[in-house]
Amino acid sequence: MTDSTAHLLSQIGSRLAGQLSLVSLDGRRRPAPPALVVVAHGSRDPRALSTVRALLERVRERRPGLPVHLGHIELNEPLLPDTLAGLGEREAVLVPLLLSRGYHIKRDIPEMAAASGVHARVADALGPHPLLVDALYARLVEAGWRARMDEGTRRASAVVLAAAGSRDPESKVDTGRTAELLAERLGVPVVPAYATTAAPTVPDAIRALAASGRHRVAVASYFTAPGRFATECAQAAPWIASAPLGTHPAMAELLLHRYDQTLATPVRADTLGGATGHPRPALAV
């Protein structure tokens, strides 16, 4: 049996299992699960939309039978209000394809959901989470990061975690925590830096590391998809720069984890009837 044939049979088996999971032992069809709506920011870069669509296909492969939809905050279609309008009376869990807390998660997405009239719950941001560290590490290795290095090389090495940036202080807290987790994984300093709005900038972080004797600096792209900010940050790298997180398997796993986590969290009585979210600890796993 060829690898392609085996892969096709595996896909058929997974989809069949997903359909069977919707039928109870007595033959009656179980209620359909709430829809998973992945909420992307949107980008003028066409690579972003194609990457997000490919990521959603990975999610569907992992969870056959789960309705998976895409909605954008801006710039790309479908926009989130249009996606929600197409759900009818189906319940939904909105999982932001965003890496930290900020205005979009706290205001934009809940307000769009509330205006739609759909019974929806809003999940946490994707980060911080160990699965993101898995994806960041894998992308760095793909770019040329050596998992094993001598002590002299390690003392000269560091990573700049390049993120988009936000005025929300909790966004910096989340990005900083991810940097800490990645530093623990790599065994070298990891400095969070930003493409816009927040400080330090990626070039400033690189210069500061060089001044401290860290001349072997990699830029880890803390972006969900290609775009202008990711490209600019990569161009600033004095050594290697990793690709955005994109369709790494950990991303699909994390989207489903946030979906499951949200469904397992009790809804507060004062939020029934509208879009809901829930608080989370410093590291939601």
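Where is the place of proline 78? Proline 78 sits in the loop between strand 2 and helix 3 (80–85). Helices (H or I, at least four residues) and strands (E, at least two) are DSSP runs, numbered from the N terminus.

This is a predicted model, in which local features need pLDDT of at least 70 and side-chain atom pairs count only at pLDDT 80 or more, while totals for chains, interfaces and linings use all residues. Residues are numbered from 1 along each chain as its sequence is written, and side-chain values use heavy atoms, with hydrogens and water left out.

Stay with that loop. The peptide bond from glutamate 77 to proline 78 is cis, with omega near 0 degrees. Leucine 75 lies in the loop between strand 2 and helix 3. Leucine 75 is not a glycine, yet its phi is positive, about 75 degrees. A cis bond also joins alanine 199 to proline 200, with omega about 5 degrees. Proline 200 belongs to the loop between strand 6 and helix 8 (202–211).

Now the sheets. Strands of a sheet pair through backbone hydrogen bonds, either parallel or antiparallel. Here, two strands pair if DSSP finds at least two bridges between them.

Axes are lines fitted to C-alpha atoms, for helices over the stretch in contact, and angles run from 0 to 180 degrees between N-to-C directions. Strand 3 (residues 92–96) and strand 4 run parallel, joined by three bridges. In this pair, alanine 92 stands opposite alanine 120 in strand 4.

Contact means heavy atoms within 4.5 Å.

Five bridges join strand 5 (residues 157–163) to strand 6, and the two run parallel. Alanine 162 stands opposite alanine 193 in strand 6.

Return to helix 2. Helix 2 and helix 10 (residues 249–264) pack at about 65 degrees, with their axes 9 Å apart. From helix 2, Leu55, Arg58, Val59 and Arg62 meet residues of helix 10 including Pro249, Met251 and Leu256. By class, this contact has seven nonpolar, no polar and three charged residues. Ala, Val, Leu, Ile, Met, Phe, Trp, Tyr, Cys and Pro count as nonpolar, Asp, Glu, Lys and Arg as charged, and the others, Gly among them, as polar.

Last, the open space. A pocket is an open set of points on a 1 Å grid over the protein atoms alone, where a 1.4 Å probe fits, with protein on both sides within 12 Å along at least five of seven lines; lining residues have an atom within 4 Å of a point. The largest pocket has a volume of about 1100 Å³. Of its 41 lining residues, the closest to the centre are His41, Gly42, Leu98, Ala164 and Phe229. Helix 2 (46–62), helix 4 (103–116), helix 7 (169–186) and helix 9 (228–235) each give two or more residues to the lining. By class, that lining has 19 nonpolar, 16 polar and six charged residues. Grid points are joined across faces, edges and corners, and a volume is the space filled by probe spheres set on the points.
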